[in-house]
Each structure stands twice: as C-alpha cells, then as structure tokens.
Amino acid sequence: MNVPLHVRIQKRLAVPRWIELSTAIFSLLLALAVIAVLFRALGVNPIVAYRKIFRGAFGSLYGLSETTVKAIPLILAGVGLCVAFQARVYNIGAEGQLLIGAICATGLALAFPDLPAWLLLPGMFFVGFVGGALWASVPALLKARFHVDEVLSSLMMVYIASELVNYLVYGPWKGLSEMGFPYTDKFSPSAQLPRLFRTRIHYPTLILGLVLAALAYVLIHRTKWGFEIRVTGENPEAARYAGMNYLKTVLLVMLLSGGLAGLAGVGEVAGIHYRLRYPQGVSPGYGFTAVIVAWLAHLNPLAVIVTALLIGGLLVGGDAIQVALGLPVATIHLFNGVILLFVLGGELFTRYRIRLEWRRE
Amino acid sequence: MTNQPGQDSAVEMRGIVKRFPGVLANDDISFEALTGEVHALLGENGAGKTTLMNILYGIYHPDEGDIYIRGQRVTIRSPRDAIDLGIGMVHQQYRLVPTHSVAENVVLGLPGNLLFPGRAARRKLEEFSEKYGLSVDPEARVWQLSAGEQQRVEIVKALYRGAGILILDEPTSMLTPGEIDDLLSIVRRMAADGHTIIFITHKLDEVLDISDRVTVLRQGKVVATQETARTDKPSLARLMVGREVLFRLEKKPPTVGQSVLQVKGLHALNDRALPAVKNVSFDVSAGEILGIAGVAGNGQRELVEALVGLRQSTKGQVLVGEKDVTNQPPRTLIEQGICYVPGERLVGLVPGLSVAENLILKDYCDAPFAQGAFLNYAAINAHADRLVTQYSVTAPSRETPVRLLSGGNIQRVILARETYQAPTLLIAAHPTSGLDVGATESIRQLLLEQRDQGTAVLVVSEDLEEVMQLSDRIAVMFEGEIMGIVPAEEADLEIIGMMMAGAHRTPTPEAA
C-alpha cells in the first residue's frame, strides 16, 4: 500500500442544527471562493467585485429596498417549493406558474380597469393563485396517474407559459400606447399595488409572502396534511400502507406551490411593471432561483425569508457589478449555478461524517 | 465428501473489528477458509456474517484487523480490489440489470468489451455451464429468469471475473427445494475444481449437507470453528443460539370464535403481471392463528398485499365479518379493524420521523391525535409514552427518529401501533425475520397474546419453525396455491415439507 491516508465516510445518526447551519454557510463561502477565481480570470479583482456586490445589495437604503423587491417573488415561490419538495414532488416549473399568475392577473386588470382597488387587487391575486395552481396541476396529475416524471413535465410547461406570454404581448394584448414594445397597456391605478415610500417595495405582496411562509411552516409541522406530506416525502410506500391518498397529496403540494408562484407573478405585474411584458421582462428567472432559495433554506419555509433576501441581494449586487465593472449578464447566472452546486454538494457533509485517517503500516 | 481440501489457506481474517453506530457488528473475529473447501458461516440474523463477508469483498472497511489472501497480507478497499484478488460474492439481493441479457450482465463493467458481449464471453459461458452444471441461456433477458437462474448468472459473473474464492450470502433463501439441490451440486463441483466456497447461512441442514468446515458466529463473535463431520445439528444449534433451542412457547388451547376473515377463490397478479395468487381460499376465526408456510416467492407477498388493499385482486372475494371488502383501499380496511405488520419493516415506518409520529401513522386523522386540521402533539406524546412503556420499546426518547432503533424495537413500535386497539384481524408477515432470539421470543409472545384476546391472526412466514410454533392451523402455499390446510397438532413436518415443494396436496373441505 503506497498511500496510508484513508478517507472514511460514515453516515451521521442525527444531524445537529449547528452542522446544518455551518455547512450551509461554508458551502456558500466555498462557492464565493470558486467564483472569485472566475472573477480573476475575467481580469477583475474579486475583492473589489464582492465589495461592490455587498455595497450594491446591502450598503444603502436603495440597495436594501431593491434587495427586498427581488426577495418578494423569491419568498412566495420559494415557500411553495418547500412544501412540494417536502413531499419529494420536484416542481421545477415555478417560473411557468409565475408567468401564468401574471397573465391571469393582467387579464383581470385589463378587463375590469374601473373596479375599485380593494376589489380588483385581491381579485388579481386570487386569479393569479388559481392560474398558477391549475398550471401546476397538469404535471401533478400526470405524475400521480401515469408516473410521468414531474421534473420534466413541469419544466416543459415553463416554455409553454413563456410562449403564451410572448403571444399575448406581441398579439392580442399588445398595448396601443406602448409604441411597439411587447408590453400590454399600463394598468389602471386601481390595479396597481401601493409601494413603500419612494421604493419599489410593493408591501402588500411582501406581507402576503411573510404570512404565507408562517402558514406553510404550520401546515408542514402542525397539521394532518403536513403529516401526510412528510410521510409521503420520506416513504411513499408507508404512506400508501397507512391509507394516505398519494394523488391527493401530490395534487395538494403542486397546487400550493403553483399557486404561490402565481402570486409572485401577480406581485411583479401589479407591483413593479404595472403591465405584462415579454417573459424575461416579467421575471428574470425568479421561479428557477426560488429552487436555490428553497434548498438553501433546507426546505424550511421560515428560513426561506432569510435565504430569499440573501439571494435577492446577490441579484441586486450582480446588477451593480454589471454596471460598474462591465461584466456580462451571464456572470450572475454563473454565480447562482455555482452556489446551487455547492449547497447541494454540502448536503453530503450534513448527512455523512467524513474523516481523514493516517494508517500505520 | 470425496474431495480432500488442501491445507493451503485461501482466506484468513485476523482480529476483525467492525463497529456501526451503536452496534459492534464484528468483535475481534478470526476466520480462515482453506483452498478447495466449502466453509459454512453459520449464525443467526444479525450475528455479523454478512458484515464480515462484506469486509472481505471490500464493501466495508474493518476498523481493526488484517486480511490475508493466499498467505499475502492485503488491503481491500473496494469490490474492485476484491475481484482483482480473485474474490467473488453473490449477494442475497442479486445485482443484475433486468432488461439486459445474461451475457451482457456477465461482461458488464469489464474492460475490453466495447462491442459487448464478445464471442469469447459466450464461449466461456458455455464452458462454465458444462463444467459445473451452471446452465443458463446467454441470450435470455434477466427479468425472464427465475430466482435460481438469476443466481446462476451471478455465480457465472463471479467465475468469469476469475473468482477462486466465492462468497455465497444466504444462497438458498429465495430458492425452491429443487433449485436448492441444483445449487448444492454446483457448489460441490466448484469446490472439487479447487474453488474455495464461503457459504453464509442460518440453516443447520444446509451446513451439514454441504460444508467441510463450519464457523459459527454469535453476536459478532466467533463461537466455534469445527469440522462438519464431527458435529451435529443439536450442538450447532446450541452454538448458534447460545442455549438449548427448540423451546416451546407457552400456548394455551385456542378459544375459537366466529369467522372473521373469509377468502374465497382469490386471484392476484405479481408486479410482472403474471399470476401469483391462484384460487386461494381459507378463513381465519377470532381467537386463532392461521399460519401460512411456504418458500419465499410463492405468492405469499401478493396474497397479503391483496388482503390489506395494497394490491388489486383479479378474481375472488375477501370478506371481513359479513362485509365484502374485496379490492377496497387501505383506508377502508384499516377502518374495518384490519391491522397489518408488513414483512419489510420499512413499508410500515417512516425512518426519519419520530417514534411518537410513527405510532400515529395510521390514526393521525382521528381524535384525539387530530383536532380539525391540526395535530394535537400533547395527545400524540402521551400516547407515545403509554405505548413505549406498555410494549417495552427501548428508545432514547419518543422524539428519536425510528431509523436509530434496533430491529427488535422497530418491530415493537409497529406491533404497538397495530395491536393497541385490539384489532379484529391482525396480519403479520415475517414478524421475526432479522431479529435476535430474545426479540423473536417476545414478538411471538405478543402475537399469542393477541390471539388469546380474541383477535383473528394470520401469520405468513418462511420460517417453518415459527409457523409450527405459533399456528393453530397451518396452510402451505406453493406457486400461488394453497396446497392444504392442516391443524397444527396433526402437522407432520415431512408432509408439510412436501407440500412446500409442491409434491403433496392435502384436500381441505373449504377448497371445494
């Protein structure tokens, strides 16, 4: 034997809280270290870049408000994904459900511009939730009835939703006053969400997100449906054995996560843009980023609030370095990808204990 | 045995220690197998046999101890290392690709097979099949093969990789009596050809039948290594269990009440949509235990699943009391008072959830555990404390995830949940498989208590001794059919054995 160094991997019996927390932080730091190498390769001093990101996201009131603006859709979609992932139902299509929510809300806003705000805005959230939920019900039914993999089907539904938005903003809903841009007309004032002072924080959506995060936590840990979700997620066979309805559980979590993503879409059109725009204009991939947010929170809806703010900050900081350092847009996608990779990889260290041992010959 | 094993050491393991969290699986084990011998490794489930052999095959790494192959000190870090050293292992669960052909499975993972499987491979397969009687069609798809044939593919796979030392882990557990005979003759021919065979088993008859020497393990330790010719069944049993065996359970005569479960002409398919349960009829009455004996894979699993609503039956009727419950969903059957202790423990448990939560796995939507939509954790915890005490579950706390409990305690959690309400019908599949003697005894005692309290009990087990001990009546299943039902006191072991092999049928009045 030439290498006396041994790597031993042992399954952990119990995972203490501090290990979960410290691996999450450590994974994040490691990801940042790897990205630092990338910055270097692009000829940018990583320390300067990180400082710019941090300052941009958290260093000013404006930065903080923009971070919150980005966190709002991430909280809503991320909380929904926590519920679905707890049941091991891998809804990857939150982006599409978000867009459908935006379409439904826009439809209502354009059809009834003269309704009072107290009626129109809740109505928009309602149809947005229903739309997102129905969009998610397709992969849910395909999974529960025909064992179609929900990862693929929900992902493919994103592209359909995206093309539907394109069709609407280039076609029948194209705004007359938008000078040829692929936008709908601006919503009437009663379809616009109020904002906090001079920021873009549409606080009703934020409050909705925080309340739903708390409710989702209660749902998962304190209700019988949550029990069914956890049992189904951990051992579907035991769920069947205990007389739980698999179809019902899959449908429930998909409808919830789709509906919450739909709400995020409503917030974007009613709180930020006041109109439906081309898909990337409505959401720069919030639905996909929410997957990272949910995993980073270890599927705990309350922790999603924190991770959404963190990732929201990265998005804002990413914009800042784009402008300040002239880095391409793709940098920030790279950023997100590397972080997800490390967070998922870090799971290994929470589940297993890894030790290096020198063995004497 | 005619062949004279050589005196050369093929495998020597010295002072092997292997700890798992909370368990000392191998406690300073020393073991030696000689070239050309059939060496039986005997012990109860959990005695550490498989762990020891997984160490030899490089799946686990010993915490302490050394391994010598043909006198050379070696470090085996992976099955790849083991294969390079000429060690092969046939696991209890076969590791084959079901949709691939036999030949493809045999060469899978070997270098130099871009266009697999090569003609040379096929020639070699034929050679093995001639030499050792390992006949399998190289073109057949693995999923089409019987358990015995799949096992032969695994053996061929090992030989093809040049295994001179072959580990067979409980090789007979999935086989019919005929297939067992074939296997034993293959083993003899391989040993005669100079192969070293390590034969893991907990069946005494097999040890006496096939091995040259036997090493007995108990609770992770070697208790003896003997020449098989100089030992006998009672003394092996004593070594294995650590005390006199064949104890009789305290069993009162049954007070049989009304018929609870009636199965009439039931048919069901297995996962491959082939008939697995064929025209099965029997009934179980309150206060009696009906045992179903049979070799694994003769339709017992499918029968039980059909009875508890986890599998659709294709024909026939199931009545509980007066009520027709054929093909009702599990929830309806649970509400009828049917409780089920599944054969695979993981089916009945959620490993990551706490003891308390697992204890309400079925009652979570009933008061007092649920109040409206919410779970009432005060009631759930009180319930858990009560059952943990009553059923003597040893657990650090009710919050402990059940995956951290021992097999016996896990089984107690399941039994506690399934029996605390005095079910009308209790169905238990392999209730003691994998448990140590103490746990086995107390689980059997629990089943008898249920019967004495007036529950109708159906026990399905591959362990004939268990069926004989527990049952008031014994049904034998073979290839999906009930070969006959006999009262336990009239049961003749030989006739039951013949029924299990499909060689005898005892007509029963119900079967009409």
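## A tour of chains A and B

Start with the largest nonpolar core, which has 105 residues: select A:Ala77, A:Met124 and A:Val304, the members that touch the most others. A nonpolar core here is a set of buried Ala, Val, Leu, Ile, Met, Phe, Trp, Tyr and Cys residues joined through C-beta atoms within 7 Å; buried means that 20 or more other C-beta atoms lie within 10 Å of a residue's own, with C-beta atoms placed from the backbone.

This is a predicted model, in which local features need pLDDT of at least 70 and side-chain atom pairs count only at pLDDT 80 or more, while totals for chains, interfaces and linings use all residues. Residues are numbered from 1 along each chain as its sequence is written, and chains are lettered from A and ligands numbered from 1 in the order in which they are written.

Now centre on A:Met124. Leaving aside neighbours within four places in sequence, A:Met124 is in contact (C-beta atoms, placed from the backbone, within 7 Å) with A:Ala105, A:Leu108, A:Ala109, A:Ala191, A:Val266 and A:Ala270. Apart from this core lies another, of 86 residues, including B:Val263 and B:Ile380.

Next, colour helix H3 (61-86) and helix H10 (246-273) of chain A, whose axes are 8 Å apart at an angle of about 175°. H3(A) and H10(A) are therefore roughly antiparallel (over 145 degrees). Among the residues making the contact are A:Leu76 and A:Ala77 of H3(A), and A:Leu260 and A:Ala264 of H10(A).

Finally, go to where the chains meet: 25 residues come from chain B and 17 residues from chain A. On the chain B side, H10(B) gives the most, with three residues.

Notes
Two residues are in contact if their C-beta atoms, placed from the backbone, lie within 7 Å. Helices (H or I, at least four residues) and strands (E, at least two) are DSSP runs, numbered from the N terminus. A residue is buried if 20 or more other C-beta atoms lie within 10 Å of its own, exposed if 12 or fewer, and partly exposed in between; C-beta atoms are placed from the backbone. Axes are lines fitted to C-alpha atoms, for helices over the stretch in contact, and angles run from 0 to 180 degrees between N-to-C directions. Angles under 35 degrees count as roughly parallel, over 145 as roughly antiparallel, 65 to 115 as roughly perpendicular and the rest as oblique.
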